[in-house]
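Okay, thanks for coming, everyone. Let me put the model on the screen, and then I'll walk you through a few parts of it.

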Amino acid sequence: MVLEIESLQTQIQHILQSKAFRTSEVQRNLLSYLADKSITGTADNLKEYSVGLDVFGKPASYDPRQESTVRMHVGRLRQKLAEYYRTEGVDDPVVVDLPKGGFKITFEPRPVVVVPEAPPAEPVIVVQSHYRLEIALGTALLIAILCASYFGVRLWRVERAPQLQAAGWTPELQQLWEPILTPNRPLLICMSTPASGMTGLGTANGAFLLGQFLGERKKDIQLTPTEQLSMPEIAMGNVVFLGTSAGSRQIRAVPEDRQLVLGPDGIRNLNPRQGEPALLTDRNPADPTDTAESYALVSHFPGLNGNGELLYFSGNKIPAVMGAVQFFTDPVSARTLVAKMKGPGGALPHFYQVVLKVRSMDDMPIDIAYIFHRDLTSVVTH
């Protein structure tokens with residue numbers, strides 16, 4: 001089937017006006033440019049250098065070997081197109097794609113799927129107030145997030161176990177996670193909700209990654225949103241908390257000795273040491289092609305009445321929380337972290353706080369770096 005140029009242009013405009021692209025001017029410009037070149041048949045000659053000049057306004061001295069702006073945004077465009085066709089564009093007649101290895105947009109007609117005709121059903125009329133409908137939709141969204149994370153863990157256990165065993169459990173990861181994986185205590189992964197300042201999507205992504213990482217090491221893992229966490233659960237189990245605890249009175253009720261505190265603009269250093277800032281401030285990009293910087297605070301405290309473990313992955317931005325989880329589950333990063341945190345005798349502190357700096361683009365972490373940490377072991381045990 002040959003697609004008409006007008007239908008290709010119409011499909012591109014439909015995508016540009018979608019929710020997936022509406023908030024990203026850079027991605028809209030890039031898609032428009034590549035689509036125009038592809039439709040007119042000139043995309044085969046496109047080079048990274050020319051895309052940098054035409055779309056991102058780079059100077060003539062721009063060197064793609066030294067700067068990855070174009071590559072990062074092209075990779076993100078592929079992700080956004082896939083996201084669009086999983087959601088809003090699931091029924092679109094034309095499928096737009098950007099294959100790896102070039103800058104040429106492809107257009108393919110969606111295959112026609114013949115669905116057997118079902119017998120007519122009796123109509124059901126549901127009368128529901130607008131307010132109750134909003135509550136139902138919000139509840140359904142939260143349940144969907146939890147279910148996706150839970151069944152993702154289950155599926156991962158079955159399909160990825162051989163890869164896990166091959167990759168191994170490094171000594172550094174063992175040191176970081178052994179206290180949390182206490183055999184006689186259940187493990188709760190608790191996600192902050194939108195009402196407590198962190199979007200459900202960001203914390204659900206972190207929870208899913210933790211489920212993948214810990215699924216073969218701990219069998220009794222439970223996923224729970226903030227408002228459903230109870231004091232008995234905190235007392236009986238170990239808790240990994242993702243997001244900000246501002247909306248959880250149960251978490252805030254557990255006494256903690258904090259040297260570092262998450263504030264609305266970044267991380268406050270209550271007792272700065274020489275060369276350390278008193279405030280590490282999150283920074284939004286001044287230019288759409290630039291990266292954002294946010295800080296993550298990872299805190300390991302004793303649980304309620306000194307029993308059990310509380311591990312926080314907190315931050316004001318989605319990339320901060322996601323980046324912190326990635327850093328603590330990656331073998332190479334764990335090796336760096338343990339080397340930085342070891343005391344003079346070579347032991348890792350049991351209780352601590354760690355500050356990480358996360359560079360991100362379009363809410364995706366692209367670089368995560370250790371900044372400094374505090375050893376709280378001697379403080380909380382006296």
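I'll start with the sheet and then move on to a helix beside it.

Quick housekeeping: this is a predicted model, where local features need pLDDT of at least 70, side-chain atom pairs count only at pLDDT 80 or more, and totals for chains, interfaces and linings use all residues. Residues are numbered from 1 along each chain as its sequence is written, and side-chain values use heavy atoms, with hydrogens and water left out.

So, the open sheet: 7 strands, ordered β4-β3-β5-β10-β9-β11-β12, with mixed pairing. Strands here are DSSP E runs of at least two residues, helices are H or I runs of at least four, and both are numbered from the N terminus. Two strands pair if DSSP finds at least two bridges between them. At the edges you've got β4 (221–225) and β12 (364–375); each has a single partner strand, so one side of each has no neighbour in the sheet.

Now look at β11, residues 352–361: this strand runs antiparallel to β12, with 10 bridges. Leu-356 sits opposite Tyr-370 in β12.

Helix α12, residues 331–341, packs on the sheet and touches β11 and β12. Contact means heavy atoms within 4.5 Å.

Which residue of that helix do I want you to look at? Met-341, in α12. Met-341 counts as buried because its relative accessibility is 2%, and the cut-off for buried is under 20% relative accessible area, with a 1.4 Å probe and protein chains only. Beyond its neighbours within four places in sequence, Met-341 contacts several residues, including Tyr-352, Val-354 and His-373.

Note on methods. Axes fitted to C-alpha atoms, helices over the stretch in contact; angles between N-to-C directions. Buried < 20%, exposed > 50% of the residue type's maximum accessible area, 1.4 Å probe, protein only.
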